[in-house]
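Dear colleague,

I am handing over the structure below, followed by an account of what was found in it. Please read the notes with the coordinates open beside them.

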Amino acid sequence: MFEEVKKSLFIIALLSCRTLLAQDTVNSHEPIHPSSPKRIYLAAGISTLGYGTGLVALSNAWYKNYPQSSFHFFNDNNDWLQVDKAGHVFSAYTASKMSEELWRWAGLSRKQRIWVSGISGTAFMTVIEVLDGFSSEWGFSMGDLAADLAGGGIFIAQELAWNEQRVQIKFSFHRNNYGDPSLNQRTNELFGSRTSERMLKDYNGQTYWASANIKSFFKNARIPSWLNIAVGYGAAGMFGGTENIARDKNGTIIFNRTDIPRTRKWYLAPDIDLTRIKTKSKFLRTTFFLLNSFKFPTPSIGFSKKGIEWSWVHF
């Protein structure tokens, strides 16, 4: 259930590598430097180091605490109303996008860096799935692999079709506070009590967005170039992977809230593509690029089987 922890460790490593090396490439379609073996080797080394650091941190923080087993498969496609699968799409997409900036800095041609970045973004995530396959607590998930492939595929398809990312996959989070003591205790046990833990683990508070830039589709429209429209997906009422029931080691039910419906939610909201804000500052361009993986807080309209809901500021 804690795939988001692993995802975040990995992406933070990539973000760090990209920030250090590729500040001046943001908002450019062509390599800023001629291709050179020295830059390519350096980019490969930095990418490997960043990813390796993430895997080591992940191993120390997570896998060593659980028993290992022979490689096996695990079907978790029905868990968490597939919000975790949306997280995998976001992870692979973001990894591909970050990797593309690094390879553009290294001077690879457009088609080379598109395929290298898209495939490596998916491959990096697949390594984590393989590690899951050797953990007795989980297993190799074909559903996770399909989501990883989708994330890398979304990046590759847009670059080949449009030479830009017109529809970006983004993430946002809001913390849910429950007045019910039993729900507060259950969420603390599942997701942690700190907001930083909840952001990584609580699927009830996560929303994943497909944010489309309007101007890129309608070139002659008299609208700001940074204005996007975003469709989001999330869920609520989940206090277990597939059901709101928890049992102890003896099979005795210790938590039962089947009275709370598990609900899918869809959202529609405006967004801002920070990378399309014009600035001469390399620092701001880099900052905007990094922050653009997160949905800008705006009002939203939500749709679910419960009806329509309005939020003045959707995080």
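Leaving aside its neighbours within four places in sequence, proline 270 is in contact (heavy atoms within 4.5 Å) with Asn228, Ile229, Lys295, Thr298 and Pro299. This is a predicted model, in which local features need pLDDT of at least 70 and side-chain atom pairs count only at pLDDT 80 or more, while totals for chains, interfaces and linings use all residues. Residues are numbered from 1 along each chain as its sequence is written, and side-chain values use heavy atoms, with hydrogens and water left out.

Proline 270 itself lies in strand β6, residues 263–272; strands here are DSSP runs of E with at least two residues, helices are DSSP runs of H or I with at least four, and both are numbered from the N terminus. With a relative accessible area of 35%, proline 270 is partly exposed, a class that sits between buried (under 20% relative accessible area) and exposed (over 50%), as computed with a 1.4 Å probe on protein chains only. Its C-alpha atom is 8.5 Å from that of phenylalanine 296, although 26 residues separate proline 270 and phenylalanine 296 in sequence.

One of the contacts of proline 270 is Lys295, and lysine 295 is placed in the loop between α9 (282–291) and β7 (298–304). Lysine 295 is buried, its relative accessible area being 5%. Not counting residues up to four places away in sequence, lysine 295 touches Lys170, Phe171, Ser172, Trp209, Ala230, Ala269, Pro270 and Asp271.

For the protein as a whole, the secondary structure comes to 9 helices and 8 strands, and 50% of the 315 residues are buried. Of the contacts with a separation of 6 or more, 75% are accounted for by residues 24 or more positions apart.

Two packed helices are described by the angle between their axes and the distance between the axes. The axes are lines fitted to C-alpha atoms, for helices over the stretch in contact, and the angles run from 0 to 180 degrees between N-to-C directions.

Helix α3 (residues 83–106) and helix α5 (residues 142–162) have axes that come within 7 Å and cross at roughly 40 degrees. That makes α3 oblique to α5, given that angles under 35 degrees count as roughly parallel, over 145 as roughly antiparallel, 65 to 115 as roughly perpendicular and the rest as oblique. The crossing of α3 past α5 is right-handed; a crossing has this hand if the near helix is turned clockwise from the far one by less than a right angle, and is left-handed if anticlockwise. Residues making the contact include Asp84, His88, Tyr93 and Glu100 of α3, and Gly143, Ala147, Phe155 and Gln158 of α5. By class, this contact of α3 with α5 has 7 nonpolar, 6 polar and 6 charged residues, where Ala, Val, Leu, Ile, Met, Phe, Trp, Tyr, Cys and Pro count as nonpolar, Asp, Glu, Lys and Arg as charged, and the others, Gly among them, as polar.

Against helix α4 (residues 110–133), α3 packs at an angle of about 135 degrees, with the axes 8 Å apart. That makes α3 oblique to α4, and α3 passes α4 in a right-handed crossing. Among the residues in this contact are Ser91, Ala95, Trp103 and Arg104 of α3, and Arg113, Val116, Gly121 and Met125 of α4. The contact of α3 with α4 has 5 nonpolar, 9 polar and 4 charged residues.

α4 and α5 pack at about 170 degrees with axes 9 Å apart, and are therefore roughly antiparallel to each other. Their meeting residues include Ile114, Trp115 and Ile119 in α4, and Leu145, Leu149 and Ile156 in α5; the contact divides into 9 nonpolar, 5 polar and 5 charged residues.

α3 is mostly covered, with 24 of its 24 residues buried. Glycine 107, which follows α3, has a positive phi near 100 degrees. Glutamine 82, in the loop between α2 (37–61) and α3, has a positive phi near 65 degrees although it is a residue other than glycine.

With best wishes
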